Amino acid sequence: MNTRQQSKLVYSWYGKPLASDRKLRTSQYKGIIIASQSSKTETCIQLGDFILVEGVNADQPYVAQLMDLYEDGAQHKRAVVQWFCRLEEIPQNKRKLLKREISSQEVFFDQVLGYDTDIAAETIIKSIMVLPLHLGEELPIITLNKEQTFYVKLSWDGKCFKVLSPDTFSKLKDANKKRGVITNSSKAFIPSDILTPVKKEKESVVQSTTETKNGDMEIESKHSSSKSSLAKERHSQRVANNDIKTPTARKKLELNSPTRCKGRLLGSEVLGLLDDDCDDVAALEPSATKRKVKFTNETLGSPPKIPCSNDKSKSTSETAEHPQKFSDTIRLSPYTKIKDFSEKDKKLHEKDDILSLVGCQSLTPRSRRTCAQKTSALIAEQISMLDLEDLSDSDSSYCSSSEEEDDDDDDVPCTPEKKTKSSRISSTPKSSRKSADHTPAKTLKKTPVRGTPRTPRNATPEIPRRIQAAQEPASVLEEARLRLHVSAVPDSLPCREEEFQDIYNFVESKLIDGTGGCMYISGVPGTGKTATVHEVVRCLQQAAENDELPPFQFVEINGMKLTDPHQAYVQILEFLTGQKVTATHAAVLLAKLFSTPGPKRKTTVLVVDELDLLWTRKQNVMYNLFDWPTQKHSKLIILAIANTMDLPERIMMNRVASRLGLTRMSFQPYTYKQLQQIISSRLKGVKAFEEDAVQLVSRKVAALSGDARRCLDICRRATEICEFSRQKKTPEIVRMAHVTEAIDEMFSSPYVSAIRNASLHEQIFLKAILAEFRRAGVEEATVQQIYHHHIALCRMEGLQSPTVSEIMAICSRLGACRLLLVEASSKYIHMRVRLNLSQDDVMYALREE
Amino acid sequence: MSKRKLKESNAESAECISQVQKILRERFCHHCAAGKLFGMEQQYRHLLELLRRTTVHGESNSALIIGPRGSGKSALLNHVLKDLREMKQVRENLLEVHLNGNCQLFLKNPFLSGLLQTNDRVALKEITRQLQLENVVGDKVFGSFAENLAFLLEALRKGTRSSSCPILFVLDEFDLFVHHKNQTLLYNLFDISQSAQTPVTVIGLTCRQDILELLEKRVKSRFSHRQIYLMNSFDFKQYIKIFKKQLSLPAEFPDETFAQKWNNNVQHLSEDKAVQDVLQKLFHHTKDLRSLHLLLMLAVSAVTVQHPLLSAADLQEASRQHSADAKANIVHGLSVLEICLIIAMKHLNEVYDGEPFNFQMVYNEFQKFIQRKAHSMYNFEKPVVMKAFEHLLQLELVQPLERPSARAQREFLLLKLLLDSRQIMDALQLYPNCPTDVKQWAASSLSWL
């Protein structure tokens, strides 16, 4: 059974075009037929129907109402929809506006502007029900079709919730009514106007078969474990088609989901297949059809297992005309079908009797096999035992059934308990959690024991709170120090207005257009690149909140905070969807996300800090990052930040640099005036610095690097020095002297003072090095050569000359301080020595004394 | 009667001596624990103030303590931490009683040593362990390096200045962290210390003066450039004072009279010319207090019941041992044949100006000496000489230029002598029973002419 073939869905128009526009070459239709090729099921969706639309997340399809269907000039099937919002789509902070518990079935009439209502028809999954309710009304309890019915009470416009206007309410109500009529009349998937006169006589037959179909479909939907099993199925199919196992598919490895039995067969699909076969029979032979109809009626009411197996045994005996077909089915189905049933059984009829199961077992054709008979006997025994042990609840029935299936697979008689455990454990934690809804607590207690300890995904680590409240600054200097700390976020960023405006305009225009783009921002460290970008994003978020801009998502990654460039994918995906997957999977998922048109997807603003660290040999991370925005539906805006201005030319391949584009911006180092302005803006209202002192710091830093961080650090240090040196209780402000001291402390070369504080022989050794360098004319010497000079110098000074061991010790000490660069010490006196600073510096340091 | 008394006093003094040995050895071995700080009051104040602000105000900082080995970097830090804890307690006792005893919790300080945390992965695990975060999430938190980093950053990001417990990161052997890939750990630590997250103070200890040049430009920009230099900037007078302090017994010594005697003796020693010469020599060689400790350790080991007080001779003997040349000591234990070979190598070095030589050359030189000059030397067979030569190789008095390969003959392996001619001459002077003709030959390679 080829799962891939099954998955193909064909979309075709229902009926003739209602109206067509010659000029635009579009034609409108009133319905669309979704046909699954392999299972041969067809569903018809008409205007006004409520539908599920494929979303970013496979288990969260969007809910919408179909407003219009048309084919555009390029023969693409398009649909216009009215969206409904699920609770999950509403931002967390807005959810509390509701002030009540929201059932997962409640949706909101979507009035948010900016969502694309024009979607590709291929993204429609299936039709559902959406019932409008008044605000006070309780959700009606509907057992049937639970997953396919949604309720709408309120509308959501991105800011607040409103009660549905009577107009909309009635419209929705009408749509439902209409739908009810339509569903009754349009069950026939072959529209009457297409039917040829010859076939007309058979119409009643066809009608009845389709009715069967629908009945079956209802069972199907009833059995499907989660509301969107179809969506998942699609998703998994897509995965299978792409030959990749996406984590989403893996996540859904739950007992009842189709993916789990992907290797074998989907439960509902088996049913469908079986029915298809029957349909074929039916189409050819009216009598068989009748029987079939009867069968489905049965199925509707009772657990499907027994009738079905009955049916099969019957069909094998009765329908001898098509032995091949049925044997085929039988050959294909045994394992999966039973499994499928057992699972459904477990789900639907939790309190099902074991006896019935045993009974049914003996009915299945498979039980003719001796080994199977043996197992069934064994199972019966086990079950009775279990019964005695008071384990005869639904779960043990599940146990036995799953055991049965396992036994059939490998014919090894095992105790049910063990098997159960192993089979349960093989499921992921998530699925076991999910199944907890369906199974009694008993199994749940058993399962986690042998499972591997789970990684708590969403554990929230926290640094312990401090016991005592942090002291607030008491003096002016302390206040100034607090404000001068780099971490203190200023209200506005002075001196970066132009850059701010440029970046803001760039992102804003892209946001409004709903397109994507890249911008490369460069500048030396401490010039406010990241701060400006954050400021821009903050402003944009503000604007989006005030409805001036379409809403967007903000994601930030930092090359330095990644352990590996490929981890970038993981982080981006986690920000966007909350999934945690491996890097390769994340790359695939992101590529899919950005390349497929997501109707309701917001624009993403991605800030990539320290871009140069995302460099890999093949540069595929950078390539992907810059390739996504160029794709049509990506809606991705990238702001890449790095230090070097010519990074694209220097390290990027041509194809990467070309995708990065030419939108570049470079942050110049701050000039002294700008630095001065930065400091004074931070110190506004605090009189802690002399005006000249601030200017001195700014000029000094501007001359050296233009790094604002350095500037602030010097000022901070100056306040400390001021505090140290101040006389008793007299309020002091930071003066030139303090600043000079701070600057000296930070920028003075440590080498000179290190040499001056070295011991006498260490200094003589340095002199000897200089002498040897001068003699040889090469800036490198062996210890032996220096040793001879050293001894000569010692004689001149009248000192006792040191031994070679002492010289070696001196050499290694100076080497550890990196005043010297030395070779590995195993060479002993042949070890070569170099100075790590210029000879002039050494001379200067030695002469001063 | 008098004999018994003598015995008793002997036992008593033996008790005293062992006490003295114990106290002083402890002091010399754990120099940072009990030792006092010398000549770093300013640095002490700076660091104490820095850490106090971190704990009290929740201010993030970063600093490097730079100084040569043995200059008291760790001692300074330990002192500051100890005083800080005491200060806290005092303050808390004054202000709020219910916080008493919680000062340990108040300040977490992961000590990271570059020699133990050889890469960022190990360092991150260690940080998580020392912050006791791993029990928050079970032991599965260490899934991958990436997860681990994300986890820790997340944890630190959540904190705020006013509410979170300040964290002090002490990075010992800071220069080794610089060599980690991309300097990820340093970048992140400094980045946290420069942003409004959990208050963090990063203190790095290193002996490299060029440490700032090793930092990557982004890391460097995030580092606050606070450098606390420890330079051993004391002069000889202070050195003598340190010597006295290190050697004198504490006031709480059980036998007061002995302590008195011992301390008086130390005072005398410090004024003794011979002792001062010994100390001056050491001071000229190195200001490192560890070598002073080593010298004193050698001297104190000479103290016994019969010789209860240190003398200048003890210190001189210790100094002699301390400054003895290691290779020359090995030469003293060689046979005459081996000495002859070394002398032959010395002559070869002089003739060929330090060019490498091989065994055959040495053997020829030795043969010349035997044939022309030597009267006392027996003419050894070549294999015997070879054996002696290999012994020298094993003692690493000669070193092959390249690794001996199976193909090259051992006689023609190129070698270098690891001794200076001065060393050889000095060693020969002290070599017992050296034949005169060998000495003459050593003095001049032309003496046989």
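This is a predicted model: local features need pLDDT of at least 70, side-chain atom pairs count only at pLDDT 80 or more; totals for chains, interfaces and linings use all residues.
Okay, helices to start. The crossing of α13(B) past α14(B) is right-handed.

Who's touching whom? From α13(B) we have I240(B), F243(B), K244(B) and L247(B), and they meet W262(B), V266(B), Q267(B) and S270(B) from α14(B). By class, that contact has 5 nonpolar, 2 polar and 1 charged residues.

Now step back to the loop between β5 (227-229) and α13 of chain B, which is where N232(B) sits. Its relative accessible area is 11%, so N232(B) is buried. Leaving out residues up to four places away in sequence, N232(B) touches P68(B), S71(B), K287(B) and D288(B), plus N757(A) over in chain A.

On to the rings. Over all chains there are 14 aromatic pairs. One of them is F174(B) with F190(B), a tilted pair with 6.4 Å centre to centre and 45 degrees between the planes. F174(B) is in α9 (residues 174-177) and F190(B) is in α10 (residues 184-193), both of chain B, 16 residues apart. Both of these, F174(B) and F190(B), are buried.

F253(B) and F258(B) are tilted too, because their planes are at 35 degrees, with ring centres 6.3 Å apart. Again, F253(B) and F258(B) are both buried.

And to finish, there's a cluster: F234(B), F236(B), Y239(B) and F283(B), linked by ring pairs.

Methods
Residues are numbered from 1 along each chain as its sequence is written. Chains are lettered from A and ligands numbered from 1 in the order in which they are written. Side-chain values use heavy atoms; hydrogens and water are left out. A crossing is left-handed if the near helix is turned anticlockwise from the far one by less than a right angle, and right-handed if clockwise. Helices (H or I, at least four residues) and strands (E, at least two) are DSSP runs, numbered from the N terminus. Contact means heavy atoms within 4.5 Å. Ala, Val, Leu, Ile, Met, Phe, Trp, Tyr, Cys and Pro count as nonpolar, Asp, Glu, Lys and Arg as charged, and the others, Gly among them, as polar. Buried means under 20% relative accessible area, exposed over 50%, partly exposed in between (1.4 Å probe, protein chains only). Rings of Phe, Tyr and Trp (its six-membered ring) pair if their centres lie within 6.5 Å; planes under 30 degrees apart count as stacked, over 60 as edge-to-face and the rest as tilted.
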